Amino acid sequence: MRIVLQRVKSASVSIDETVVGKIGVGFVLLVGIADSDTEAELDYLVRKITKLRVFEDLVGKMNLAIEDVGGQILSISQFTLYADTKKGNRPSFTKAGAPDFADKLYQLFNKKLRDTGLTVETGEFGANMQVQLINDGPVTIIFDTENK
């Protein structure tokens with residue numbers, strides 16, 4: 001799995017000009033899934049994301065996790081994280097998970113995040129979405145389970 005995490009002050013996702021997910025302080029997660037991913041990758045990433053200490057404490061040090069600040073998550077499926085641009089100018093997406101499999105794992109990932117007690121909003125798997133966010137920091141972290 002590949003996830004791009006951005007710390008945000010607020011974020012929303014819209015489909016056809018209708019907001020389908022909206023959060024305040026927290027994380028926007030852009031989530032890419034490969035066919036080789038398993039529930040073990042989901043568990044690893046849920047643990048890493050929910051315990052990640054990138055929110056500032058009272059002295060301005062990044063020392064707090066998302067639950068410490070009452071943060072929320074906006075999770076967006078994004079198969080383009082598996083784009084292969086080695087040949088030509090048009091990316092190939094053959095390394096991205098098959099849609100049915102990827103959707104199933106994406107839904108399970110979001111459930112596991114919710115099971116930690118966090119509020120998790122989502123877009124719609126496979127939809128053309130517009131994401132708006134106010135990046136905080138900016139803090140952007142990339143997770144790739146091939147490199148854990």
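1. The place of Glu17 is the loop that joins strands β1 and β2. This is a predicted model, and in it Glu17 has a positive phi of about 65° although it is not a glycine. Is Glu17 buried or exposed? With a relative accessibility of 80%, Glu17 counts as exposed, because exposed means over 50% relative accessible area.

2. Asp16 is also found in the loop between β1 and β2 (18–23). Asp16 is not a glycine, yet its phi is positive, at about 50°. The relative accessible area of Asp16 is 69%, so this residue is exposed.

3. Another backbone feature deserves attention. The peptide bond that runs from Gly137 to Pro138 is cis, and its omega is near -5°. Pro138 belongs to strand β8.

4. The next point concerns two helices. Two packed helices are described by the angle between their axes and by the distance between those axes. Helix α1 covers residues 39–51 and helix α2 covers residues 99–115; their axes come within 10 Å and cross at roughly 40°. That angle makes α1 oblique to α2. The crossing in which α1 passes α2 is right-handed.

5. Which residues of α1 and α2 meet? From α1 they are Glu39, Leu42, Asp43, Leu45, Val46, Ile49 and Thr50, and from α2 they are Leu105, Leu108, Phe109, Lys112 and Leu113. Sorted by class, this contact of α1 with α2 has eight nonpolar residues, one polar residue and three charged residues.

6. In soluble globular proteins, nonpolar side chains tend to be buried together. The largest nonpolar core here has 26 residues, and those with the most contacts inside it are Ile3, Phe27, Leu29, Ile49, Ile73 and Phe109. The elements that give two or more residues to this core are β1 (2–15), β3 (26–32), α1, α2 and β8 (130–144). Apart from this core lies another one, of twelve residues, including Val8, Ala11, Val13 and Ile15.

7. Two of the residues named above connect these points. Ile49 of α1 and Phe109 of α2 take part in the meeting of the helices, and both Ile49 and Phe109 are listed among the residues with the most contacts inside the largest core.

8. What does Phe27 touch, if residues up to four places away in sequence are not counted? The residues touched by Phe27 are Leu5, Gln6, Arg7, Val8, Ile49, Leu52, Val54, Phe55, Ile66, Gln72, Ile73 and Leu74. Among them, Ile49 and Ile73 are listed with Phe27 for the most contacts inside the largest core, while Val8 is one of the residues in the other core.

Definitions and conventions: Residues numbered from 1 in each chain as written. Predicted model: local features only at pLDDT ≥ 70, side-chain atom pairs only at ≥ 80, totals over all residues. Heavy atoms only, no water. Axes fitted to C-alpha atoms, helices over the stretch in contact; angles between N-to-C directions. Helix = DSSP H or I, 4+ residues; strand = E, 2+ residues; numbered from the N terminus. Parallel < 35°, antiparallel > 145°, perpendicular 65-115°, else oblique. Left-handed = near helix turned anticlockwise from the far one by under 90°. Contact = heavy atoms within 4.5 Å. Nonpolar A, V, L, I, M, F, W, Y, C, P; charged D, E, K, R; others polar. Core = buried A, V, L, I, M, F, W, Y, C linked by side-chain atoms within 4.5 Å. Buried < 20%, exposed > 50% of the residue type's maximum accessible area, 1.4 Å probe, protein only.
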